[in-house]
2 protein chains.
Amino acid sequence: MSHTRSSDARTLPMPDLRGSFPGPFATSPYADAIEEQTAHWLRAFPLIGSPGEAKALCNITAHGVARVLPAADRDGVFLCADLFLWLTAFDDVHGEAEGGRDTARLVRRISHCVHLLAGHDEPAADDDAYIAALRDLLHRFRERATPAQYLRLTAHLRDNLFGILWEAHHLDRPDQVTLSDYCAMRPHTVFVRTVMATAEVALGYELTEDQRTSTAVRELEKAVADLAGWINDLASYAKETDRGGPTPPSLPTLLIRHRECDLEEAFRLASRMCEGQASTARLRITELAANSGNALADHARAMEAVAASYVWHIGHARYDSFGEVGAMQ
Amino acid sequence: MSHTRSSDARTLPMPDLRGSFPGPFATSPYADAIEEQTAHWLRAFPLIGSPGEAKALCNITAHGVARVLPAADRDGVFLCADLFLWLTAFDDVHGEAEGGRDTARLVRRISHCVHLLAGHDEPAADDDAYIAALRDLLHRFRERATPAQYLRLTAHLRDNLFGILWEAHHLDRPDQVTLSDYCAMRPHTVFVRTVMATAEVALGYELTEDQRTSTAVRELEKAVADLAGWINDLASYAKETDRGGPTPPSLPTLLIRHRECDLEEAFRLASRMCEGQASTARLRITELAANSGNALADHARAMEAVAASYVWHIGHARYDSFGEVGAMQ
């Protein structure tokens, strides 16, 4: 998108989230162990060809998951880290790189994943590393999650794969995407609702249906979900445009189009949108965290850490080196 | 697929399933009421432009659902009929007809459905009849289903929508699809696992996790799922090829390719595959139905009726008039 590329991208306005999420953010004591474990897991399931890219992905995933789950046990953080490594690698290798060129091929790859997610896990002769790795992940989650948690997780994973497909069909075509379409799909492409679902599994709490569908929980989750995708768009904008090639729909490019503004104004608008959702999230976290000893308080703290892991990226110096890879993407 | 078209399609070998499913098949006392109700529902949600096609679809859906749910209450059969009308209409109008020409447009339509399925049901300004109708259906299912039943149903619906997308990407391209890919996806494109999930809701039973993952239940469901898709392929072959235009991957066309045989031999092989799965299903139904007073017996009888509704189509005179529309598609 040459009309949105700018050599000044690194000096564009960014959201100031210190009021809502001042930091410092808690981190897991297992951060280094996660990095080692994910590297080990990648040797069993070689998802990424380049050793340098694999190492970078393990590093950023470990730091992201360590911030999402500062209080989870070792197995919990390992499991979540492996899952987000898988999602990010699938997106990088098969989504943008390959899917934009041949969407039918991406559809076939996803069909193999859907088959596993739908509960059919018999190995096939043509299974590749991604399918073998997904089978391993689902087996480990099934052991740890309640049946309903597992159903929610596998539903979110389907939505992530569909989101990757949606992006592949709309690379460099923001004109075909409305702002409301983008806002609906972005949480799936940034994997944030899957992060939320895995936090519930790793931390061992479960909301009741009434709690889950309450206005407070829904509004908190929506605020964190929007924030995650928008922050990721803003933080990765310079890298995405600098590297050339087709780019997926993003908040700045859609705002330029829908509000008829320039890039700087789009970043200013987007930053304000982020600040608004961060503020909403903080209010609901405070409200829900007051339910001491209740799953709602556990959930409030979990959502706070999910938000923090994305907020942390704005100031994360390594972001520029690792590109699109956020806490989870 | 001109090389697979044949003027003799109507005299090709068909499976003989009388040994496993001899009939006559039980039918709901509400069959006529279902037809009226679906016609009424289509007036509220105009999913189909042509009054003739709408009438035909209500008729075949009513007869199919009446055979799937001979013992369910009125609200249960109405709800399931409306859902399968929606799925069939979406597939006919947006899947094959439109999706093959513009897969990105189909992806965007499905993204609106995924947004609802993921639990975000706030109405949007650009909602069309399909989205409004899906919102109505999900609201009614949420009222009737347990939380886990609702999660399973919405997972299967995601798989149906993905299946429609998979077909749209592979119209007239059976060379890109392996037999194992086809077998994995066909249950989703014929909606049969969704039929099973709705039967559980409409009949008010629920398997435990141990029952659901038992070999007997999994084998029964797989046999019925395969049978449904394969029967539909064989029964709709003549119509699909006669009407011209691109065709989705089907068992006969894949067998011709993978077994290097002619159309008649492909039908003979496919018929034997159907007879094998029908026989497996019958054995498991007999075994599970012996668990009197247990949800397993309810499930065995439900799966028997699901299978019967597809088997019934082989001899159903109206099939030729309504084309692809099977019990559920």
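Modeller: What follows is a set of labels, each with the value behind it, for a predicted model.

Biologist: How much of chain A counts as buried, and how much of its surface belongs to carbon and sulfur?

Modeller: Of the 329 residues in chain A, 61% count as buried. The accessible surface comes to about 12300 Å², with 50% of that belonging to carbon and sulfur atoms.

Biologist: What share of the contacts in chain A joins residues 24 or more positions apart?

Modeller: Among contacts with a separation of 6 or more, such pairs account for 77%.

Biologist: How do you know how many disulfides the structure holds?

Modeller: The count over all chains is 0. A disulfide needs two cysteine sulfur atoms within 2.5 Å. For C58(A), the closest cysteine sulfur belongs to C80(A) and is 15 Å away, so the pair is too far apart for a bond. In chain B, the sulfur of C58(B) is 15 Å from that of C80(B), its closest cysteine sulfur, which is also too far.

Biologist: Is C58 buried or exposed in each chain?

Modeller: Buried means under 20% relative accessible area. C58(A) has 4%, so it counts as buried. C58(B) has 3%, and therefore gets the label too.

Biologist: Where does M185(A) lie, and what does it touch?

Modeller: M185(A) is in helix α7 of chain A, residues 179-189. Leaving aside residues up to four places away in sequence, M185(A) touches F162(A), G163(A), W166(A) and S111(B). With a relative accessible area of 1%, M185(A) is under the 20% limit and so is buried. The C-alpha atoms of M185(A) and T146(A) are separated by 27 Å, and these residues are 39 apart along the chain.

Biologist: Which peptide bonds are cis, and what is omega there?

Modeller: One joins G23(A) and P24(A), with omega about -5 degrees. Another joins G23(B) and P24(B), where omega is also about -5 degrees. P24(A) sits in the segment before α1 (31-44) of chain A, and P24(B) in the segment before α1 (31-44) of chain B.

Biologist: What is noted about phi at F191(A) and E260(A)?

Modeller: Neither is a glycine, yet phi is positive: about 70 degrees at F191(A) and about 50 degrees at E260(A). F191(A) is in the loop between α7 and α8 (192-203) of chain A. E260(A) is in the loop between α11 (251-258) and α12 (263-289).

Biologist: Why is one of these two called buried and the other exposed?

Modeller: F191(A) has 0% relative accessibility, under the 20% limit, so it counts as buried. E260(A) has 73%, over the 50% that exposed requires, so it counts as exposed.

Key:
Residues are numbered from 1 along each chain as its sequence is written. Chains are lettered from A and ligands numbered from 1 in the order in which they are written. This is a predicted model: local features need pLDDT of at least 70, side-chain atom pairs count only at pLDDT 80 or more; totals for chains, interfaces and linings use all residues. Side-chain values use heavy atoms; hydrogens and water are left out. Buried means under 20% relative accessible area, exposed over 50%, partly exposed in between (1.4 Å probe, protein chains only). Contact means heavy atoms within 4.5 Å. Accessible areas come from the Shrake-Rupley method with a 1.4 Å probe; for residues, only the protein chains shown count as cover. Helices (H or I, at least four residues) and strands (E, at least two) are DSSP runs, numbered from the N terminus.
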